[in-house]
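Colleague: Can you walk me through this one? I'm new to it.
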Amino acid sequence: MMERDDRFSKENLRRLVEGTLHWEEVKKAIRLSPKDNDRFWKYLEVLQEKVPWNDKILLRISDHLYIVAKEGGGRVTKCDCGHEFGDYRTNWKLGCQVYVRKTDEEIGEVITIPEARHNTDLVEMREFYCPGCYALLGVEVVPAGYPPMFEMLPDLDAF
Ligand SMILES: [Zn+2]
């Protein structure tokens, strides 16, 4: 941990900030006070230490998914298991194994959107699993046939 601290140049930090400013948590951290900056870097370090790979984490999308900087350039969406979903600007859901639930019985107690209960022929619940580790990465309830929603496209190049 200390080693990583030492290797972080200001330029590296600046790039990290630029790459992650649109993340609500980051914005808050940076606006609140300079002290919180440090907290954020520590937070990234903690995340980094938890994953088994070395690609630099720029952003955490969910429990398992990160946007990372590849050594050879490029930013990809990556699962903590190491599976990569390709360029972060493409919808990672397209690279998932998808399980679609349609019947009321299957939906069970999971659904919280009231309309879904009454229109199970119109809506479907999709579960997106990582092909690498089979972690559940996301769930969406959408009209049948609707394209997979792309929930977040962080503007990493805004700055
Ligand atoms: Zn995975």
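Modeller: Start with a term: two strands pair if DSSP finds at least two bridges between them. Strands (E, at least two residues) are DSSP runs, numbered from the N terminus. This is a predicted model: local features need pLDDT of at least 70, side-chain atom pairs count only at pLDDT 80 or more, and totals for chains, interfaces and linings use all residues. Residues are numbered from 1 along each chain as its sequence is written, and side-chain values use heavy atoms, with hydrogens and water left out.

Colleague: What do β3 and β4 form?
Modeller: A hairpin, with 4 residues between them. Gly82 sits in the turn and has a positive phi of about 110°. The two strands run antiparallel, joined by 2 bridges. Val76 stands opposite Asp87 in β4.

Colleague: And how many bridges join β2 to β3?
Modeller: 5, and these strands are antiparallel too. Val68 is opposite Val76 in β3. The hairpin of β2 and β3 has 5 residues between the strands, and its Gly73 takes a positive phi near 100°.

Colleague: Why is β3 largely enclosed?
Modeller: Because 4 of its 5 residues, in the stretch 75–79, are buried. Buried means under 20% relative accessible area, exposed over 50%, partly exposed in between (1.4 Å probe, protein chains only).

Colleague: New topic. Which residues are the protein donors of the zinc ion?
Modeller: Cys79, Cys81, Cys130 and Cys133, each through SG, at 2.2 to 2.3 Å. Donors are N, O and S atoms within 2.8 Å of the metal (3.2 Å for Na, K and Ca); water is not among the atoms, so sites may look incomplete.

Colleague: What about the geometry of the zinc site?
Modeller: Tetrahedral, with angles of 108 to 112° among the 4 donor atoms. Four donors get that label if all angles lie between 85 and 135 degrees.

Colleague: Which parts do Cys81 and Cys133 tie together?
Modeller: Cys81 lies in the loop between β3 and β4, and Cys133 in the loop between β6 and β7, so the pair ties parts 52 residues apart in sequence. Cys81 is partly exposed at 34% relative accessibility. Cys133 is partly exposed at 32%.

Colleague: How many aromatic pairs are there?
Modeller: A search of the whole structure finds 3. In one of them, Phe85 and Trp92 have ring centres 6.4 Å apart and planes at 75°, so that pair is edge-to-face. Rings of Phe, Tyr and Trp (its six-membered ring) pair if their centres lie within 6.5 Å; planes under 30 degrees apart count as stacked, over 60 as edge-to-face and the rest as tilted.

Colleague: Which residues do the ring pairs link into a cluster?
Modeller: Phe85, Trp92 and Phe128. Phe85 and Trp92 are both buried, and Phe128 is buried as well.

Notes. Four donors count as tetrahedral if all angles lie between 85 and 135 degrees; four count as square planar and six as octahedral if opposite donors are over 155 degrees apart and all others between 65 and 115; anything else is irregular.
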